[in-house]
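Notebook open, model loaded. I want to look up a few spots and jot down what turns up.

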Amino acid sequence: MTSPRLAVDIWSDIACPWCYIGKRRFESALSSLPFKEHVDVTWHSYQLDPSLPERYDGTEADYLAERKGLPVEQVRQMFAHVTEQAAGEGLAYDFDALKVANSLTAHRLLHLAAEHGSAGRLKELLLSAHFEKGLDIGDPEVLRALGADAGLPGPDVVRVLEGDDYRDAVEADFATARGLGISGVPFFVLDMKYGISGAQPVEVFREALTKAYAEAAPLTLVATEPGADGPACGPEGCD
């Protein structure tokens, strides 16, 4: 009997610190499950601030304080909390080095990566570049290097970076998110039936994945003994 497959659709933004933490927790849960090889993960684009300019001269603390109307010191306290949570997942966040950048082009590059089966690899590289390494994910040179690290064909990467390819695909992801009522990320959808909002604990992901996979499995026949089917009717007639 063919094993069922479970589709997991994940909406996230590269500029979202909880998205990286949520990715780690989801992956930790999935890696512990016996059906992990039967789960198909699709990454979808989401932008927390599409209006962000390509270049922002201030720090991440300045940007969030301005956008949220909060004192910079309060924003830094938020950073400390998120950094601690990230460390618990083996991530080394560095908000002082972080470069504020619009993530649209990086999202377009992710759609190219999806066509080559490398979206998960590029997503990891982008998140690490942004939150751990202080790289500018809006810089074409940075994106070209990350695309190469993800194994993407160089000419295709250049075409995306110098053009407008996959903008429609990114916009389609935004529209689908709105249709599903997604207003924050990360957001995980299991078989388009169950939604998980935010960077939940590993156990929440594990339980949800197990439940969804069980429901995706075919029926298990119950009989008093092996092969003991009861009388029934079929297309060729009745027993």
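**Entry 1**

I started with the contacts of Glu-54: leaving out neighbours within four places in sequence, Glu-54 is in contact with Ala-101 and Asn-102. A reminder to myself that this is a predicted model. Where does Glu-54 sit? I find Glu-54 in the loop between β2 and α2, the latter covering 60–68. Buried or exposed, I wondered about Glu-54 next? Its relative accessibility comes out at 63%, so Glu-54 counts as exposed, the cut-off for that being over 50%. I also checked a pair separated along the chain: Glu-54 and Asp-139 are 85 residues apart in sequence, and their C-alpha atoms are separated by 8.8 Å.

Next I went to Asp-173, which lies in helix α8, residues 167–180. Asp-173 is buried yet has no salt bridge. Which side chain of opposite charge is nearest to Asp-173, and how far away is it? I get Lys-123, at 8.9 Å; a salt bridge would need the charged atoms within 4 Å.

So what does Asp-173 have for polar partners? I noted two. The side chains of Asp-173 and His-111 are joined by a polar contact of 3.0 Å. The backbone nitrogen of Ser-45 is 2.8 Å from a polar atom of the Asp-173 side chain. Both partners turn up again in the contact list: not counting residues up to four places away in sequence, Asp-173 touches Trp-11, His-44, Ser-45 and His-111.

**Entry 1: the sheet**

Then I traced the sheet. In what order do the strands run? I read β2-β1-β3-β4, an open sheet of four strands with mixed pairing. The edges are β2 (39–45) and β4 (194–197); each has a single partner strand, so one side of each is left without a neighbour in the sheet. On average, neighbouring strands here are turned by 20 degrees against each other, direction ignored.

**Entry 4**

I looked at one pairing in detail. Strand β3, residues 187–190, pairs with β4 in the antiparallel sense, over four bridges. As a note for myself, strands of a sheet pair through backbone hydrogen bonds, either parallel or antiparallel. Which residues face each other across this pair? I wrote down Phe-187 opposite Ser-197 in β4, and Val-189 opposite Gly-195 in β4.

Last, the turn. The hairpin of β3 and β4 has three residues between the strands, and there Asp-191 takes a positive phi near 50 degrees.

Note on methods
Residues numbered from 1 in each chain as written. Predicted model: local features only at pLDDT ≥ 70, side-chain atom pairs only at ≥ 80, totals over all residues. Heavy atoms only, no water. Helix = DSSP H or I, 4+ residues; strand = E, 2+ residues; numbered from the N terminus. Buried < 20%, exposed > 50% of the residue type's maximum accessible area, 1.4 Å probe, protein only. Lys, Arg positive; Asp, Glu negative; His and termini not counted. Polar contact = N/O pair within 3.5 Å; in protein donor to acceptor, adjacent residues only side chain to side chain. Contact = heavy atoms within 4.5 Å. Pairing = 2+ DSSP bridges. Axes fitted to C-alpha atoms, helices over the stretch in contact; angles between N-to-C directions.
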